[in-house]
Amino acid sequence: MLKTITKKIIDRSTDEFFKFEFHCDRCGAGWESDTYCFEHGFPEKLTEGEQRAKNIMWKVEHDAALERANLEARLRFNQCNSCGRIICDECFAMDEDEDLCIDCAKQ
Ligand SMILES: [Zn+2]
Ligand SMILES: [Zn+2]
């Protein structure tokens with residue numbers, strides 16, 4: 001598994017598409033990435049070899065999709081300069097000069 005920007009993510013990927021839910025490190029609010037389709041169509045009934053090929057392609061596309069979702073998430077979330085947590089807008093101290101979460105801004 002690739003390193004994701006938030007500590008908690010939920011992988012909502014299936015056989016047909018890839019989707020990831022990222023959760024704010026502070027309050028746990030969720031944000032869902034775009035849905036990326038699994039590009040390779042396979043027939044319903046697969047031989048063992050085809051199944052293996054499908055699994056490999058799925059894994060490659062899954063990792064690529066996760067990397068894209070991670071970049072997307074980086075734009076949605078903010079990083080606190082003090083504690084380093086990845087936080088949603090609700091947890092971000094908007095009125096501070098520095099990028100801080102509301103916990104660190106209070107200190
Ligand atoms: Zn939050
Ligand atoms: Zn902080």
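Two residues are taken to be in contact if their C-beta atoms, placed from the backbone, lie within 7 Å. By that criterion, and leaving aside its neighbours within four places in sequence, Ile9 is in contact with Thr4, Phe20, Glu21, Phe22 and His23.

The model is predicted, and local features need pLDDT of at least 70, side-chain atom pairs count only at pLDDT 80 or more, while totals for chains, interfaces and linings use all residues. Residues are numbered from 1 along each chain as its sequence is written, and chains are lettered from A and ligands numbered from 1 in the order in which they are written.

**Overall build**

The protein holds two helices and seven strands, where helices (H or I, at least four residues) and strands (E, at least two) are DSSP runs numbered from the N terminus. Read from the N terminus, the order of these elements is β-β-β-β-β-α-β-β-α. The radius of gyration is 18 Å, well over the 13 Å that the globule rule gives for 107 residues, so the protein is more spread out than a compact globule; the radius is taken over C-alpha atoms, and the rule is 2.2 Å times the number of residues to the power 0.38. Along the principal axes, the C-alpha atoms fill a box of roughly 60 × 15 × 15 Å.

Of the 107 residues, 21% count as buried, a residue being buried if 20 or more other C-beta atoms lie within 10 Å of its own, exposed if 12 or fewer, and partly exposed in between, with C-beta atoms placed from the backbone. Among contacts with a separation of 6 or more, 38% join residues 24 or more positions apart.

**Sheet and strand β1**

Three strands form an open sheet in the order β1-β3-β4, with antiparallel pairing; two strands pair if DSSP finds at least two bridges between them. β1 (8-11) and β4 (30-32) are the edge strands, each pairing on one side only, and the twist averages 20° from one strand to the next, with axes fitted as lines to C-alpha atoms and angles running from 0 to 180 degrees between N-to-C directions. Three bridges join β3 to β4, and Phe22 stands opposite Trp31 in β4.

Ile9 lies in strand β1 and counts as buried, with 21 C-beta neighbours inside 10 Å.

| Pair | Separation along the chain | C-alpha separation |
|---|---|---|
| Ile9 and Phe20 | 11 residues | 6.8 Å |
| Lys106 and Ala93 | 13 residues | 9.2 Å |

The 29 residues of α1 should span 42 Å at 1.5 Å a residue, and the end C-alpha atoms are 41 Å apart, which agrees; the expected span is 1.5 Å times one less than the number of residues. Within α1, Ala65, Leu66, Ala69 and Ala73 are buried, and what covers the buried residues of this helix includes β2 (17-18), β3, β4 and β5 (36-37).

A nonpolar core is a set of buried Ala, Val, Leu, Ile, Met, Phe, Trp, Tyr and Cys residues joined through C-beta atoms within 7 Å. The largest such core has 17 residues, of which Phe77 and Ile87 touch the most other members. The elements giving two or more residues to this core are β3 (20-23), α1 (48-76) and β7 (86-87), and α1 gives the most, with four residues. Apart from its neighbours within four places in sequence, Phe77 is in contact with Ile5, Thr6, Cys24, Ile86, Ile87 and Cys88.
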